[in-house]
Amino acid sequence: MNLVVIGVNHKTAPVALRERLAFVGGDIQVAQAQLQSLTAGSLIISTCNRTEIYALAPNTQALVDQVPSADSSAPHSQTSPIEPVTTAELTEQLIHWLAGFKSLPIEQVRPYLYEYIDGQALTHLLRVAAGLDSMILGEPQIFGQIKRSVAEAKEYGYLTNQLNWVIEQIYAGAKRVRNETGVGTQAISLGYAASKLVTQIFDKPQEATFLLVAAGEMNRLVAQHIAALGVKRILICNRTPQRAQALAQELQRPGLQIEVHALSELDNLLYQADIVSSCSGSMDMLIDKTMTQRALKKRRYKPMLMVDLAVPRDIDSNVGKLDDVYLYSVDDLQHVIAGNLEKRRQAAVEAELLVSHLVVEIERRFQVRKVGQDIYEYRNTSQQKANIVLQDMLHQLRTTDSSPEEMMIELTRRLTQTLSHAPSSLMRRVAHDGNSEMLDVIIDGLKEAYRKK
């Protein structure tokens, strides 16, 4: 298959290096364009936890197939021919290219890279797509991130037919892993944990007011889960109104009241909140014990659920000592999801076995696909040789006195010689090499084919 992958992830490289190796904005398009001169098709996957380059080594077969996938909306920009290379050679070229593209000394990059080829590369990509290689086991977001990367590669014509075929197999395989093993069915996100706490504390969460302190990614995920419970009102406090407005638009649904406020208004808003989720990234405490006591008094001591996802903490830990306040930190939420995480780990054992089985299936289908191309080329060559014989016999028929019957006999003889030459030469070569087992397979196969005809 000549598939190669190099990359780093959260298990192999520190965050500082992952940040420097990440592809952001227009980087990916520029990088993919440069990879055109090295590969027979490439795909870059870059997230906060990983940067990976998947590529086909430009051997003879890959170069034949080096055209954009059928649904590409942009012309393939490859203009100059590429010399065939081995997977080992391409791996080394990609490592040097990545270090150069990111302006990093190669000795700072190489120790943290993983490298896989062919079956190992397929296995890795399938594990990534199924969420088995993620920081949160079984998480589904990576599948969507892969699909976005693939869509971008298609848009610019960098996804060749062969690489597109591989990706389609991975899509189907990842869906089977998730559907048949349950590795993603047990919710283990912090957003899920927070929503579970809401249902445990409030009999009617649809009557609750939900206060979001900061509109970052973590709070966005929590808000999605809690909004799905049907809360009637959401207050968003954020330093910059633009991000808060964007989140408000994302959460908006009929019957839901959403208000956007400045972070400076937090003290005056806190009493209105039944549920608070804070994750600001601030170095300063945002909600202290005194502020919370004032809010409780205004609420006439109705219970409050506070979830502090920030590190360092946004909410004073002493708030948890107040009556009518349920305060949970990130560590507390981890205990909520610990049971489901263990179930995912058990399901992951079954998922890994299925991945191994699926990789074998994909490799087998690839061989069938490749043989199909070989058969097409063999038949095309045979047809060309048969046409030469036919044209020669037609010429003789027009220019000699031979009878049609004699010409038909001669045509049959010459066609038989022409079409049986390649199989006969193959059998002699195999016999000369002493491979009796292969010779038996070829002879038995030809005999069986002739009997069927």
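Guide: A quick definition to begin: a residue is buried under 20% relative accessible area, exposed over 50% and partly exposed in between (1.4 Å probe, protein chains only). This is a predicted model, in which local features need pLDDT of at least 70, side-chain atom pairs count only at pLDDT 80 or more, and totals for chains, interfaces and linings use all residues. Residues are numbered from 1 along each chain as its sequence is written, and side-chain values use heavy atoms, leaving out hydrogens and water.

Visitor: Why is D118 called partly exposed?

Guide: D118 has 26% relative accessibility, so it counts as partly exposed. D118 lies in helix α6 (residues 118-129); helices here are DSSP runs of H or I with at least four residues, and strands are runs of E with at least two, numbered from the N terminus.

Visitor: And what makes R300 count as exposed?

Guide: Its relative accessibility is 75%, so R300 counts as exposed. R300 sits in the loop between α13 (289-298) and β9 (304-308).

Visitor: What is phi for R300, which is not a glycine?

Guide: Phi of R300 is positive, about 60°, and D118 also has a positive value, near 50°. Most residues other than glycine have a negative phi.
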